[in-house]
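Here are my notes for your read-through. Please keep the model open beside them.

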Amino acid sequence: MTDIMQSDDIERIMAIMERAFDPVFGEAWNRRQLTDALMLGNCHYGLLNARCIEPAAGEAAAGFFLSRFAYDEEELLLVAVLPGLRGQGIGESLLRRFAEQARARGAQRLLLEMRENNRAEHLYRRTGFTPIGRRPGYYSGPNGTRLAAITFELSLR
Ligand SMILES: CC(C)(COP(=O)(O)OP(=O)(O)OC[C@H]1O[C@@H](n2cnc3c(N)ncnc32)[C@H](O)[C@@H]1OP(=O)(O)O)[C@@H](O)C(=O)NCCC(=O)NCCS
């Protein structure tokens, strides 16, 4: 899995980004946000195809993660799988790749922040993340509602 920013990887990530996120929550990043983050040098990504392996050159991806390394921590910024390919373990494989790559970079712990009631919570808990904090009303929900942000941690020590 590469960390070198390649324009076809941007295309592969954006193809998933545009289909995977519910527009109600405004969580999808645009191309500019993605390229800016990857140019900073401390953001990393991984891609998997439908067989849970790194896609070959020119092959479409089924899912991606995007993360940011700082000091001895790595934060999961986004993880997404194409809607038609969910429930087959691709998300779990992406989280495991994320953990492997972060450990190789020297991360002592992994962090992620989740909107409350996101169905991904079960996946995060299943892969070893535990909640460590809650910020009430942090996210906008449908019809003017506010939703808490829940921070999860996984120690790699
Ligand atoms: C979260 C997500 C990456 C999981 O991918 P996946 O390939 O289905 O994951 P797996 O097959 O390994 O595991 C399935 C788990 O995903 C979660 N899940 C299933 N459908 C989901 C959905 N529509 N939305 C969010 N999470 C879902 C559940 O926790 C499920 O676990 P369970 O079956 O034990 O209840 C995927 O559902 C997705 O892209 N969701 C939309 C984007 C998103 O919300 N990302 C997280 C915040 S950045």
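Predicted model: local features only at pLDDT ≥ 70, side-chain atom pairs only at ≥ 80, totals over all residues.

The numbered points below go from the sheet to its helix, then to charged pairs and loops.

1. Six strands make up an open sheet. Their order is β1-β2-β3-β4-β6-β5, and the pairing is mixed. β1 and β5 stand at the edges with a single partner strand each, so one side of each has no neighbour in the sheet. From one strand to the next, the twist averages 25 degrees. As background, strands of a sheet pair through backbone hydrogen bonds, in either a parallel or an antiparallel way.

2. **The β2 and β3 pair.** In which sense do β2 and β3 pair? They are antiparallel, and the pairing runs over eight bridges. Within this region, R68 stands opposite E75 of β3. Helix α3 packs on the sheet and touches β1, β2, β3 and β4. The direction of α3 makes about 155 degrees with that of β3.

3. **Helix α3 itself.** α3 covers residues 90–104, which is 15 residues. From first C-alpha to last, α3 reaches 21 Å. That is close to the 21 Å expected at 1.5 Å a residue. After α3 comes G106, with a positive phi near 105 degrees.

4. **The buried side of α3.** Which residues of α3 are buried? They are I90, G91, L94, L95, F98, A99, Q101 and A102.

5. **A charged pair in α1.** D9 lies in helix α1, residues 7–20. R12 and D9 meet through their side chains in a salt bridge, 2.7 Å from N to O. The two side chains also count as joined by a polar contact of 2.7 Å. Why are D9 and R12 about one helical turn apart? Because they are three residues apart in α1. The cut-off for buried is under 20%.

6. **Salt bridges elsewhere.** The count comes to 15 salt bridges. One of them joins E153 to R109, with the closest N and O atoms 2.6 Å apart. This pair links distant parts of the chain: E153 sits in strand β6 (residues 146–155) and R109 in strand β4, 44 residues apart. R109 is partly exposed, with a relative accessible area of 25%. Salt bridges that share partners also join D8, D9 and R12 into one network.

7. **The E59 and R51 pair.** E59 forms a salt bridge with R51. Their closest N and O atoms are 3.5 Å apart. R51 is exposed, with a relative accessible area of 57%.

8. **T145 in its loop.** T145 is in the loop between β5 (130–140) and β6. T145 is partly exposed, at 37% relative accessible area. Its side chain reaches the backbone oxygen of P142 at 2.6 Å. With neighbours within four places in sequence left aside, T145 contacts Y139 and S140.

9. **Positive phi outside glycine.** Two loop residues deserve a look here. Y71 is not a glycine, yet its phi is positive, about 55 degrees. Y71 belongs to the loop between β2 and β3. With 79% relative accessible area, Y71 is exposed. N117 is also a residue other than glycine, with a positive phi near 70 degrees. N117 lies in the loop between β4 and α4. N117 is exposed, at 64% relative accessible area.

Conventions:
Residues numbered from 1 in each chain as written. Heavy atoms only, no water. Helix = DSSP H or I, 4+ residues; strand = E, 2+ residues; numbered from the N terminus. Polar contact = N/O pair within 3.5 Å; in protein donor to acceptor, adjacent residues only side chain to side chain. Expected span 1.5 Å × (residues − 1). Buried < 20%, exposed > 50% of the residue type's maximum accessible area, 1.4 Å probe, protein only. Salt bridge = Lys/Arg side-chain N within 4 Å of Asp/Glu carboxyl O. Contact = heavy atoms within 4.5 Å. Pairing = 2+ DSSP bridges. Axes fitted to C-alpha atoms, helices over the stretch in contact; angles between N-to-C directions.
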